[in-house]
Amino acid sequence: MNTQQAVAVVAGVGNGLSAAVCRKLAAHGFVVAGLARSREVGEHLAQEIGNTGGVMRLFTCDLTDEAALSQAYEAIETDLGVPEVLVYTAGAFLCKPLLDT
């Protein structure tokens, strides 16, 4: 696959795994569209990737909100093109006793 301008969406941008995935995709020539709940979480990472010659655009989106997710996808498609890769690194925690789940 020619990744020169291919768009990869990373949903759940933060630290750790998602940041490593964004860096690796950018290093391989993908334009990374990062979905994060807040801009503060991903701005530093997008700047870091840009400083190393990669491209990452940050889009804020609550992944539990279907309308917001649809709006973010439309913005990605308009700004960057149709995504070819999706990596979902978002997680949620359910804190309750095992018998209550």
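Modeller: Strand 2 (31-36) and strand 3 (55-60) pair in the parallel sense over six bridges; two strands count as paired if DSSP finds at least two bridges between them. Within this pairing, Ala-33 stands opposite Arg-57 in strand 3. This is a predicted model, where local features need pLDDT of at least 70, side-chain atom pairs count only at pLDDT 80 or more, and totals for chains, interfaces and linings use all residues. Residues are numbered from 1 along each chain as its sequence is written, and side-chain values use heavy atoms, leaving out hydrogens and water.

Helices (H or I, at least four residues) and strands (E, at least two) are DSSP runs, numbered from the N terminus. Four strands form an open sheet with parallel pairing, in the order 3-2-1-4. Strand 3 and strand 4 are its edge strands, each pairing on one side only.

Now to helix 1, residues 17-27. Its buried residues (under 20% relative accessible area, 1.4 Å probe, protein chains only) are Ser-18, Ala-19, Val-21, Cys-22, Leu-25 and Ala-26. They lie on the same side of helix 1 because they cover an arc of only 160° around the axis, taken from the directions from the helix axis to the C-beta atoms. Leu-17, Lys-24 and Ala-27, on the other side, are exposed, meaning over 50%. Among what covers the buried residues of helix 1 are strand 1 (7-11), strand 2, helix 2 (39-51), strand 3 and strand 4 (83-88). After helix 1 comes Gly-29, with a positive phi near 95°.

Conventions. Contact means heavy atoms within 4.5 Å.
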